[in-house]
Amino acid sequence: MPESAPAPTHEAAHHEPENWVLKYLWSTDHKVIAMQYLVTGVFMALIGGFFAYAFRMQLAFPGAEVPGYGLVSPSDYNALVTNHGTIMIFWVAMPVLVAAFGNFLIPLMVGCDDMVFPKINRLSFQVFFLSAVVLLASFFVEGGAFGGAWTAYPPLSAVGEYSLTPLGSTLWLVAVALEFVAFLLGGINFITTAMNSRAPGMRLYDIPIVVWMIVIASVLFMLSVGPLIAGAIMLFMDQQVGTGFFDPARGGDPILWQHLFWFFGHPEVYVVLLPALGITAEIICIFSRKKLFAYRTILYTVFATGILSFTVWAHHQFIAGIDPRMAHIFTITTLLISVPIAEMCFVYIATLYKGSITLNTPMLWGLAFIFEFLIGGVTGIFLGASGADIYFHDTYFVLAHFHYTFFPIAIIGTYAGITLWFPKMFGKMLNDRLGKIHFWGTIIPFNLIFIPLFFLGGLGQHRRIYDYVHFPELMRENVLFGLGMQDLRVLATVSLLVMLAFQVVFFVNVYLSLKNGPRAGRNPWKATTLEWLTPSPPPHGNFAELPTVYRGAYEYSHPDRQEDYWPQWEPEFGPGAGRG
Amino acid sequence: MRPIANTRSAAGITTGRLAVWWVVGSEIVIFGGLLASYIMHRLAHASWAEQAAHTNVWIGLFNTFVLLTSSLFAVLAHYAAETERNGPKAARYLLFTFFGGLTFLLVKAAEWTIEITAGYTVTSNGFWSFYYTAAGLHATHVLAGMIIMLIVAHAARQGRELHRVELIGIYWHFVDIVWIFLFPLLYIAK
Amino acid sequence: MASHGPQHYQKIWLILSVLLVVSFVGPFVADALRASESLEALALPLTLLTAFGIAFWKAWLVAKNFMHVNVQPRYVLYLLATCLVFMLLFYAGTAPDVMKQAGSNWTKPPIAEAVHAGQH
């Protein structure tokens, strides 16, 4: 194979740019791009959180002026709910969990100097940034932002006269499509880097689990997003050209969009879940000082999950008028997929067993992830069964269920990752006490938001309703511990306010730690994977000398060693510790 | 400026080629989703066959032949670049491929003009919606390939980045294969 | 990697062109067969075989000889095959619904009318 460019030396390839713009805005350095994704993701999370605040206030105090927002009109309400969902999944969970952690961790953890295609990496972020701008711009066009739910079912999304947001729906669609392009570019970079650019000596089973998870997530994304890109083109044609792909009156089919959407949409759940699971695995090993229980089993489980995740999509459509015989098949596959996920939870608990556990902030987040996600998973069983789903569909039970999956993934997983790798990212230690205050101030209100919503859903409260005052059967008194249904809504909203307020603690903690925090040193957690070999923060080009890998990623508490960890990069061979 | 990461090949394949295969995989699912949607609609609508009868099979035949020939030039360019290490020759073959793509697009433009003037527009019927959307998506890929091909040919003429000749070739053959399926689906099947 | 010379590529191109002509002529022959009563049953298989069977053959010829997919590491072929299998899966899960004439709260008049007119 001809390689016409001479192989660069490590020094020549990595002189850091002097110019501020080249260094922070136009950089090709994977760590800078990771920070760009992280900052954009956190900014979008604040916007998404603000939207949640506005529509939750409307639900708890219908018709009252919302401080900081004003009156929430019905069309505002729809736009807020729609874009809250869209932003939290596509502009928070994806960029932070997949792109930010993927960019930061993959080159460091596989021991190379950058992504394989740094310029494509930069382009990926630029396209992503553009997509965020397009989405936010949709709030300022005539008619306002799209309000037809984040799933954008036609005909509501396809016909401007129905949605009343002809331009807003198109901008929404273009933003989502651009976001897909960004993650295809980024995903191919991740996959290629992890496959091809591993440090010498790093075999497939020496790769840290979190890298595996992000790579498999990127593969799932790539394989599932294609039909939806085709669907987005068709929907765009319906909106702007006047075709009838999803219009039954002209021979099209509205159900086709649902299939195209959920064929992507369900694997997408696993696209964001897997990186969070990977982060949790790292945390649990480091802070229980134990080797990961059944490394290979986890991998096989993830492969099985990935394949199964492509066979369950129609469980979102049980009441859409799909063929009941197909509904049986999708019920079976949906119940099947809970098996590998449950297995992964057991593997994590087995890793904890008899470990020497340190309950610091990252570990709390990691344990909370398992616990809260478990609730999300178990309530999913109700919805996966087509018979029960006919009752539960589109109630707040569904809403609480998927918030019990997505909140652990997107928020708990992110905080777990940030608290674990903050010393590596910025070279300073986070304050553990403030971290714990922030943890409890997030976890307790989170449960108080969504547990009431489970009950409201069970009582028949339908989603997508602006104001329950006019539904007497949804305003019943004394349904739970003497509380009425409206009281439960107020409880959820107040808990949300408390949770949002506690996020300030996190930002204060970051600010104080960056300013006055103790220096982290190379390896504050005494961890084994390659990123802890570099200085904190890692310089341009990452490693002073590119490392060689001698063993698996989780050699904690090895019986032949005095220290309780055995880094991947240390060449010494103890008795019987050689490869083989 | 190329990072060392780019020069490694732990997976037993050069980085560029590995990435192009992943691109091809992601394109398969994009076209796959569109064509699967088309096929299931087509089978449900018997009446679309009479619409399909209005496509011009001769033009489709000619365009398929043009793309097949351009693929031949792309693989000859790859041979010149890799085995003969002859950059200018590879660039010349890539230019032939480029003109193949250009011919394809010009013929397609003429074909669409005829059809649109005859009243078969993108909104007139479900079949024509799929016809223009699928062929249009494919034509966009042809156009993108042509632009990249000019860039690669420019570098190859000066003897630089010869490995890219193969990479653009793989992409071009994939675009050719998509057309191999579009031709019977849109033109022949009645 | 390019173990074949230009002659090999030209040969493949020639085969592809011949196959193209066959796939073009096949449906015309099938049309002719439809006219005769005894051979009518052969018409549909012939169309499918020439139009689509040959398309798969041609695609494989291009993939094997021009893209050299058979001399890449094995997983490349598996990757491409996985993409195709997932598309089949998508088709299998979706077609039963999309090919229906009506669902809850909607019908497709174009098909319903065609069925009514006896064209189906």
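Here are legends for several close-up views of this predicted complex.

**About the model.** Residues are numbered from 1 along each chain as its sequence is written, and chains are lettered from A in the order in which they are written. The model is predicted, so local features need pLDDT of at least 70 and side-chain atom pairs count only at pLDDT 80 or more, while totals for chains, interfaces and linings use all residues; side-chain values use heavy atoms, with hydrogens and water left out. The predictor gives the complex an ipTM of 0.95 and a pTM of 0.93.

**View 1. Where chain A meets chain B.** Here 50 residues of chain A touch 45 residues of chain B (contact means heavy atoms within 4.5 Å). The two chains bury about 3,900 Å² between them, and 69% of that is on carbon and sulfur atoms. Buried area is the accessible area (1.4 Å probe) that two parts lose on being put together, summed over both. There are 15 residue pairs in polar contact, both residues at pLDDT 80 or more. A polar contact is a pair of N or O atoms within 3.5 Å; within protein, one must be able to donate a hydrogen and the other to accept it, and residues adjacent in sequence count only if both atoms are side-chain atoms. On the side of chain A that touches chain B, helix 1 (10-13), helix 7 (166-196), helix 8 (209-241) and helix 9 (254-288) each supply at least two residues. Helices are DSSP runs (H or I, at least four residues), numbered from the N terminus. Helix 8 of chain A gives the most, with 11 residues.

**View 2. Where chain A meets chain C.** In this view, 24 residues of chain A are in contact with 20 residues of chain C. About 1,800 Å² is buried between chain A and chain C, 76% of it on carbon and sulfur atoms. In chain A, the residues that lose the most area to chain C are A:Leu223, A:Pro248 and A:Asp253, together 23% of what that side buries. Helix 8, helix 9 and helix 11 (324-352) of chain A each bring at least two residues to the side facing chain C. The largest share, 6 residues, comes from helix 9 of chain A.

**View 3. Confidence along chain C.** Chain C has a mean pLDDT of 84, with 89% of its residues at 70 or more (pLDDT is the predictor's confidence in each residue, from 0 to 100). Among the elements of chain C, helix 4 (residues 109-116) has the lowest mean pLDDT (70) and helix 3 (residues 74-98) the highest (93).

**View 4. Salt bridges in chain A.** A salt bridge is a side-chain nitrogen of Lys or Arg within 4 Å of a carboxyl oxygen of Asp or Glu. A:Asp29 and A:Lys31 form one at 3.2 Å, N to O, and both residues are buried (buried means under 20% relative accessible area, exposed over 50%, partly exposed in between; 1.4 Å probe, protein chains only). In the pair A:Asp323 and A:Arg325, the closest N and O atoms are 2.8 Å apart; A:Asp323 is buried at 9% relative accessible area, whereas A:Arg325 is exposed at 61%.

**View 5. A pair within one helix, and a network.** The side chains of A:Asp432 and A:Lys436 meet in a salt bridge at 3.3 Å, N to O. Both lie in helix 15 (residues 432-458) of chain A, 4 residues apart, about one turn of the helix. Look also for A:Asp394, A:Arg463 and A:Arg464, which are linked in a network of salt bridges.
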